[in-house]
Amino acid sequence: MAQKRRKRQVLKKRLFTKNRLVILNEDTFEEIFSLRLTLMNVFVVASLGAVIIITVTTYIIAFTPLREYIPGYASTKLKRDATELALKSDSLYIALRNNDAYIKSVQKVLTGDLDYAKFNKDSIVAANTAEPESLVLSPSEEEMQLRAQVALEDKYNLFEQATAKVGVVFFPPVTGPITEKYDAGKKHFATDIALARDTPIKAVLNGTVIFADWTPSTGNVIILRHNNGFISVYKHAATLTKTQGDNVRTGEVIALAGSSGSESTGVHLHFELWKDGYAIDPEQFIQFN
C-alpha cells in the first residue's frame with residue numbers, strides 16, 4: 001500500500017510540477033518568449049484542441065459543400081442525377097412491361113388463344129360479354145304525338161344540314177367469295193375470303209403497322225392499328241410488303257394473298273376487325289363481294 005501511495009504521489013508531482021518553456025535568441029541569448037507549463041496543462045490543452053478539430057471537421061462534413069472534396073463523399077449534383085435516373089428507369093420499366101403485355105396479347109390473337117386476356121379491356125382479345133336482356137319497349141301516346149310534331153317541323157325546315165350517318169368508312173382489303181363467316185359461338189372471330197394467289201391485300205384504313213412477321217400456325221401476319229380504337233388483322237399472306245412501324249394509307253397494298261401457316265386450308269385471307277379490345281363482324285362494315 002505504501003508503495004502504491006508513493007507512486008501516486010510521484011505521478012501527481014510530475015503532472016503538476018511547473019516547467020518553464022523559454023525561447024532564446026541564438027546569437028545574443030536574449031529571452032524572447034517564456035511560458036510556464038505543467039504536464040496537466042499540456043494534456044488539457046491537447047484534449048481541447050482535439051475536440052475542437054473533431055467538432056469543426058464534423059460540421060464541415062455535415063453542413064457545408066466542402067464535403068464534396070473529401071474522398072468517399074458524393075456530391076449533391078451526383079445524388080440529384082442518380083435520383084432522376086432512378087425515376088426515369090422506373091418509368092421505362094413500366095412502359096416496357098405494358099409493351100410486353102400488349103405484344104403477348106397480339107401473339108395470343110395470332111395463335112387463337114382468346115382466353116388469355118378476357119379480363120383486360122385494353123388488349124385486342126375479346127372479353128366475355130353478357131347478352132342484353134330482351135325488352136319490349138313501346139312508345140306512349142305522348143311520345144307518338146311528339147314524334148309526329150318533330151317530323152312535321154323537320155319536313156319544312158329549310159336550314160337543316162345533312163350529317164354523316166357513318167363516322168368511319170372501311171376500304172375492302174380484298175374482294176371475293178366468303179368461305180367462312182364471322183361466328184362468335186364457334187370462336188371464329190374473322191371472315192375468310194377465297195382469293196387467287198398473290199392477290200394484293202390492302203389496308204382498310206389509315207394506320208400504323210404494329211406487327212408484321214411469320215407465325216407457325218397462321219403464317220405471315222400483319223396487324224394495323226387505326227384511329228378510333230380499331231385494329232385490323234390479316235393472316236395467311238404469302239408475303240408482306242410492310243414492316244413493323246410503317247405508316248400506311250387507306251387502300252395501300254400491305255401484303256399478297258397466299259396459304260402460309262399450318263392452319264391454312266387454301267389460298268385465302270383470314271381478316272379480323274377489332275374495336276376497343278372486342279372482336280366485331282367485318283361484314284357489318286365491309287362489302288367483300
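Before you select anything, one cut-off to keep in mind: a residue counts as buried under 20% relative accessible area, as exposed over 50%, and as partly exposed in between. Remember too that this is a predicted model.

Start with Lys275, which comes out at 24% relative accessibility and so counts as partly exposed.

Next, select Lys235 and Glu272. These two form a salt bridge, with 3.0 Å between the closest N and O atoms. Lys235 sits in strand β8 (residues 230–240) and Glu272 in strand β11 (residues 268–275), so the pair ties together parts that are 37 residues apart in sequence. Buried or exposed? Lys235 is buried, at a relative accessible area of 3%, and Glu272 is buried too, at 5%.

Last stop: pick Glu252 and Lys242. Their closest N and O atoms are 2.5 Å apart, in another salt bridge. Look to the loops here: Glu252 lies in the one between β9 (247–248) and β10 (253–257), and Lys242 in the one between β8 and β9, so this pair ties together parts that are 10 residues apart in sequence. Color by accessibility and you'll find Glu252 partly exposed, with a relative accessible area of 25%, whereas Lys242 is buried, at 18%.

Notes
Residues are numbered from 1 along each chain as its sequence is written. This is a predicted model: local features need pLDDT of at least 70, side-chain atom pairs count only at pLDDT 80 or more; totals for chains, interfaces and linings use all residues. Side-chain values use heavy atoms; hydrogens and water are left out. A salt bridge is a side-chain nitrogen of Lys or Arg within 4 Å of a carboxyl oxygen of Asp or Glu. Helices (H or I, at least four residues) and strands (E, at least two) are DSSP runs, numbered from the N terminus. Buried means under 20% relative accessible area, exposed over 50%, partly exposed in between (1.4 Å probe, protein chains only).
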